[in-house]
Amino acid sequence: MTLQLVVFSLLTLFLMLIAQLMGPAVPAAAGQEAAGDVAQQRRARLDAVIQDTLRTYIFFAAYALMLFLLGKPDLLPQYVGWAVVMLQLLKGYAVFWERILYARFLGVVIVGLLMFLWILELPLLQAPPP
């Protein structure tokens, strides 16, 4: 069952990578800015940050749950996991301030790190059980 989960997650992450490369990272808020409603504009930006973070969290949480079932990971996956968390914080900042190019770049890096984590879990790359 691990192989199917990893392959399905990698395919979905590949689609997410394509979406990061092509799609806008932040919905346009120019109409709200012209209206002068700053509170509503900030709420829309915060909603964009939350939606963006949830997309990353789903794949990261699935990976973490699988590692809980398989045992403690090595140091490299732990460091990569912390890198994903820190980069997602920076990406949330970029999404909030509508820095689309930075958000897209960080999104591609995050998806690449998540793909690396999932590739490490392929049964072909795992050590045989004792």
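Predicted model: local features only at pLDDT ≥ 70, side-chain atom pairs only at ≥ 80, totals over all residues.
## Overall fold

Let's start with the big picture. The protein chain has five helices and zero strands, so going from the N terminus you simply read α-α-α-α-α. Of its 130 residues, 34% count as buried.

## How α3 sits against α4

Two packed helices are described by the angle between their axes and the distance between the axes. Here is how that looks for the first pair. Helix α4 covers residues 75–96, and its axis comes within 9 Å of the α3 axis, with a crossing of roughly 165°. Angles over 145 degrees count as roughly antiparallel, and therefore α3 and α4 are roughly antiparallel to each other. Their crossing is right-handed.

Who touches whom? On the α3 side you'll find Arg42, Arg45, Leu46, Ala48, Val49, Asp52, Thr53, Thr56, Phe60 and Tyr63, and they meet Pro77, Gly81, Val84, Val85, Gln88, Lys91, Gly92, Val95 and Phe96 in α4. Sorted by class, that contact has 10 nonpolar, five polar and four charged residues.

## How α3 sits against α5

Now for the other partner. Helix α3 (residues 38–70) and helix α5 (residues 100–120) have axes that come within 11 Å and cross at roughly 20°. Anything under 35 degrees counts as roughly parallel, and α3 and α5 are therefore roughly parallel to each other. This crossing is left-handed.

In α3, the residues involved are Thr56, Phe59, Phe60, Ala62, Tyr63 and Met66, while α5 brings Ile110, Leu114, Leu117 and Trp118. The class count is nine nonpolar, one polar and no charged residues. Thr56, Phe60 and Tyr63 turn up in the α3 list for α5, and they are also among the α3 residues that meet α4.

## A look at Leu15

Finally, a single residue. Leu15 has its place in helix α1, which covers residues 2–22. Is Leu15 buried or exposed? Its relative accessible area is 57%; the cut-off for exposed is over 50%, so Leu15 is exposed.

Methods. Residues numbered from 1 in each chain as written. Heavy atoms only, no water. Helix = DSSP H or I, 4+ residues; strand = E, 2+ residues; numbered from the N terminus. Buried < 20%, exposed > 50% of the residue type's maximum accessible area, 1.4 Å probe, protein only. Axes fitted to C-alpha atoms, helices over the stretch in contact; angles between N-to-C directions. Parallel < 35°, antiparallel > 145°, perpendicular 65-115°, else oblique. Left-handed = near helix turned anticlockwise from the far one by under 90°. Contact = heavy atoms within 4.5 Å. Nonpolar A, V, L, I, M, F, W, Y, C, P; charged D, E, K, R; others polar.
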